[in-house]
Amino acid sequence: MSTVNKIFPAPVLRIQKLLSASEVAQASELALKANQRLNDHQVPYSRTYRDSLDLMYPEYFKPIFRRLRRHIEDEFKCNVSSMVGRESIFRYGQHLPFHTEPHADISCVLWLDFPAKPDPTKRDYSGMFCLHNPHLLFGGRASGVFGNINHMEMPAPGDAFVFPSHMPHFVFPYNGERPGVELHFEMLAEAA
């Protein structure tokens, strides 16, 4: 007798309209200000300081972080014990390379200002977020018995996408006319 078990399920969560348009505008402005002050390299996610935005601008970001935490804890039935959220600013031609977050349990991207206009029907994925199937870490067919090799998410200002930190992910090269602004979160969590 043989039995098939699922060993690597990957729960993900798309939170639509976590932020209103006015919240997106203000969060974008503060994220750009933080990046200007802390990132000497002007490359996405390259600042050497791990300062979380809710500590830098508590009056604005603490309520947003609490709202995000509530969604995650409710949906994943967990307790988030630590949350670090930092800005990631994309300029023309920049991308976020393939990586995982080895020191976190849960990751999240929260899209703010996103002027790029990707069109997947024309194989234009500008600035899109992509999860890579860990079953097919070193490649494989685009789809098959073990699922698709990639899962892409279309950025939308105010939306958040939450996923397990062990999932390899990247952001395609960006081609917007002004910088794209995102927040990236790393969280530690325990089952509730």
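Predicted model: local features only at pLDDT ≥ 70, side-chain atom pairs only at ≥ 80, totals over all residues.

User: Why is Leu-96 called buried?

Analyst: Buried means under 20% relative accessible area. Leu-96 has 5% relative accessibility, so the residue counts as buried. Leu-96 belongs to strand S3, residues 96-99.

User: Which residues does Leu-96 touch, leaving aside those up to four places away in sequence?

Analyst: Contact requires heavy atoms within 4.5 Å. With such sequence neighbours left out, Leu-96 touches Pro-44, Tyr-45, Phe-90, Phe-170, Val-171 and His-184.

User: What makes S5 and S8 a pair of strands?

Analyst: Pairing requires at least two bridges between the strands. Three bridges join strand S5 (residues 129-132) to strand S8 (residues 169-171), so the two are paired, and they run antiparallel. Within this pairing, Leu-131 stands opposite His-169 in S8.

User: In what order do the four strands form the open sheet, and which are the edge strands?

Analyst: The order is S3-S8-S5-S6, with antiparallel pairing. S3 and strand S6 (150-153) are the edge strands, because each pairs on one side only. From one strand to the next, the twist averages 20°.

User: How many aromatic pairs are there, and why is the one formed by Phe-90 and Tyr-174 called tilted?

Analyst: The count is 12 aromatic pairs. The ring centres of Phe-90 and Tyr-174 are 6.4 Å apart, against a cut-off of within 6.5 Å, so the rings pair. Their planes are 40° apart, which is neither under 30 degrees (stacked) nor over 60 (edge-to-face); the pair is therefore tilted. This pair links Phe-90 in strand S2 (residues 78-90) with Tyr-174 in the loop between S8 and strand S9 (180-191), 84 residues apart.

User: How do you know that Phe-90 and Tyr-174 are buried?

Analyst: Phe-90 has a relative accessible area of 1% and Tyr-174 has 2% relative accessibility.

User: What makes Phe-129 and Phe-163 a tilted pair?

Analyst: Their centres are 5.2 Å apart, which is within 6.5 Å, and the 45° between their planes falls between the limits of 30 and 60 degrees; the pair is therefore tilted. Phe-129 in strand S5 and Phe-163 in strand S7 (residues 160-164) are 34 residues apart, and both are buried.

Notes: Residues numbered from 1 in each chain as written. Heavy atoms only, no water. Buried < 20%, exposed > 50% of the residue type's maximum accessible area, 1.4 Å probe, protein only. Axes fitted to C-alpha atoms, helices over the stretch in contact; angles between N-to-C directions. Phe/Tyr/Trp six-rings, centres within 6.5 Å; stacked < 30°, edge-to-face > 60°.
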